[in-house]
Amino acid sequence: MSLAKIYAKALFEANREGKTASEASLFFDELDAQLEKVNQTIQSSKDLEVALQAPITTAKEKVIVVKAIAARLGLNRLMTDFLVLLASKGRLLLLQQIREEFSSLRLISEGGIPGILVTAEPISQ
């Protein structure tokens, strides 16, 4: 099991804890959207990307930056705590992979099957 999958599963399970299936499903939507928002925010700023990925930036400094991002984006507590954990463990580089694994876990939990659609002709949306 990859490190990204382990973190994604931890976030997935933390979200389900103490909630009904319908409540957890609503929070899955929110968490998925928040993961995407954080990813886009980091990737849209070269300075931010460098600061969060550079080995010269301490874990403590990364945590401060992540908390500022979370506050600016209005992230919920679970996502904020999750990002702080990633920053303190030096795992922010895995964020995109974690998001992909999280989406896959969610799909499987809802009875879906991950796959790739291949067509000979372009299909319309």
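Keep in mind as you read that the model is predicted.

With a relative accessible area of 19%, Val 84 is under the 20% cut-off and therefore counts as buried. Leaving aside residues up to four places away in sequence, Val 84 touches Val 63, Val 66 and Lys 67. Lys 62 is 22 residues from Val 84 along the chain, and the C-alpha atoms of the two are separated by 8.2 Å.

Let us move on to Arg 106, found in helix H6 (residues 95-109). Despite being an arginine, Arg 106 is buried, because its relative accessibility is 14%. Its contacts, again without residues up to four places away in sequence, are Phe 12, Ser 25, Phe 28 and Asp 29.

| Residue | Helix | Relative accessibility |
|---|---|---|
| Arg 106 | H6 (residues 95-109) | 14% |

Now for a pair of helices. Two packed helices are described by the angle between their axes and the distance between the axes. For H2 (residues 21-44) and H3 (residues 46-53), the angle is about 105° and the axes are 5 Å apart. Angles of 65 to 115 degrees count as roughly perpendicular, so H2 and H3 are roughly perpendicular to each other. On the H2 side, Thr 41, Ile 42, Gln 43 and Ser 44 take part in the contact, meeting Lys 46, Leu 48, Glu 49 and Leu 52 of H3. Sorted by class, this contact has 3 nonpolar, 3 polar and 2 charged residues.

Terms used
Residues numbered from 1 in each chain as written. Predicted model: local features only at pLDDT ≥ 70, side-chain atom pairs only at ≥ 80, totals over all residues. Heavy atoms only, no water. Axes fitted to C-alpha atoms, helices over the stretch in contact; angles between N-to-C directions. Helix = DSSP H or I, 4+ residues; strand = E, 2+ residues; numbered from the N terminus. Parallel < 35°, antiparallel > 145°, perpendicular 65-115°, else oblique. Contact = heavy atoms within 4.5 Å. Nonpolar A, V, L, I, M, F, W, Y, C, P; charged D, E, K, R; others polar. Buried < 20%, exposed > 50% of the residue type's maximum accessible area, 1.4 Å probe, protein only.
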